[in-house]
Structures are given as C-alpha cells and as structure tokens.
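Me: I have a new structure open and would like to learn how to read it. Could you walk me through it, one feature at a time?

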Amino acid sequence: MSKAEKIIENYIKNNYEDVEEVVFIEHEKSPMGGEVFRGKVNGKAEFSATFNMSDLTIGTIGQKKGFPPIKEECRDKICE
C-alpha cells in the first residue's frame, strides 16, 4: 500500500464511525498537481480523496451516499 493510501485510510478510520475496511479502487493525477484517490468504505460507500504528495496531506474527502458519519469527538478537530 502506498504511503498516501495509508494516510487516507488512517484518517477515515480515525474520524468516521464504524469503519472496518477501506479499499482503494483507483488514483490519478489531478489537474491541480496533487493526486485523487477513489475507493469504498465497508464495501459499499464510495469516496474520493485529494492528496498533496509534496507535504503528504489530505485536501478534501468527497463522500457518496452511505458514507459513515463523522465521529462526534472529531466534528471540531481532526482525530489522529
């Protein structure tokens, strides 16, 4: 697993409720110079995540229907 995928997976597992599995389907370079990773959470809810390779940070996470809700304690801060 790439370093970017591991960072995204940990972020999702730490900040969203009841995440058991994060599977990456594809990734591509974004027009803005970063990377876009697409996958599924718990085998059903799709997501896309933008990732900046230069500083290893997540830009945004787009969530489709059925994506787990954010944990209460992570609403006002990023949980690590």
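This is a predicted model: local features need pLDDT of at least 70, side-chain atom pairs count only at pLDDT 80 or more; totals for chains, interfaces and linings use all residues.

**Reading the fold step by step**

Me: Where does Asp 18 lie?

Reply: Asp 18 sits in the loop between helix H1 (3-15) and S1. Its backbone is worth a look too. As a general idea, most residues other than glycine have a negative phi. Asp 18 is not a glycine, yet its phi is positive, near 55 degrees.

Me: What is the phi of Leu 56, and where is the place of this residue?

Reply: Leu 56 is not a glycine either, and it has a positive phi of about 55 degrees. You will find Leu 56 in the loop between strand S3 (45-52) and S4. With 34% relative accessibility, Leu 56 counts as partly exposed.

Me: Now the sheet. How do I read the order of its strands?

Reply: The general idea is that strands of a sheet pair through backbone hydrogen bonds, either parallel or antiparallel. Here four strands form an open sheet in the order S1-S2-S3-S4, and the pairing is antiparallel. Strand S1 (22-29) and strand S4 (57-63) each have a single partner strand, so they stand at the edges and one side of each has no neighbour in the sheet. From one strand to the next, the twist averages 25 degrees.

Me: How many bridges join S1 and strand S2?

Reply: There are seven bridges between S1 and strand S2 (residues 35-41), in the antiparallel sense. You can check two places yourself: Phe 24 has Gly 39 in S2 as its bridge partner, and Val 22 stands opposite Val 41 in S2. The hairpin of S1 and S2 has five residues between the strands, and Gly 33 there takes a positive phi near 105 degrees.

Me: What should I look for in helix H1?

Reply: Start with its length. H1 has 13 residues and reaches 18 Å from its first C-alpha to its last, close to the 18 Å expected at 1.5 Å a residue. Then look at which way its residues point. In general, an α-helix has 3.6 residues a turn, so residues three or four places apart point the same way.

Me: Which residues of H1 are buried?

Reply: The buried residues of H1 are Ala 4, Glu 5, Ile 8, Glu 9, Ile 12 and Asn 15. They lie on the same side of H1, because they cover an arc of only 155 degrees around the axis. The elements that the buried residues of H1 pack against are S1, S2, S3 and S4.

Me: Which residues touch the most other members of the largest nonpolar core?

Reply: This core has 15 residues, and Ile 8, Ile 12, Val 22, Val 41, Phe 47 and Phe 67 touch the most other members. At least two residues of the core come from each of H1, S1, S2 and S3. S3 gives the most, with four residues.

Me: One last residue, then. What is Glu 21 in contact with?

Reply: Setting aside neighbours within four places in sequence, Glu 21 is in contact with Lys 40, Val 41, Asn 42 and Gly 43. Glu 21 has its place in the loop between H1 and S1, and this residue is partly exposed, with a relative accessible area of 40%.

Key. Residues are numbered from 1 along each chain as its sequence is written. Side-chain values use heavy atoms; hydrogens and water are left out. Two strands pair if DSSP finds at least two bridges between them. Axes are lines fitted to C-alpha atoms, for helices over the stretch in contact, and angles run from 0 to 180 degrees between N-to-C directions. Buried means under 20% relative accessible area, exposed over 50%, partly exposed in between (1.4 Å probe, protein chains only). The expected span of a helix is 1.5 Å times one less than its number of residues. The arc is that of the directions from the helix axis to the C-beta atoms. Contact means heavy atoms within 4.5 Å. A nonpolar core is a set of buried Ala, Val, Leu, Ile, Met, Phe, Trp, Tyr and Cys residues joined through side-chain atoms within 4.5 Å.
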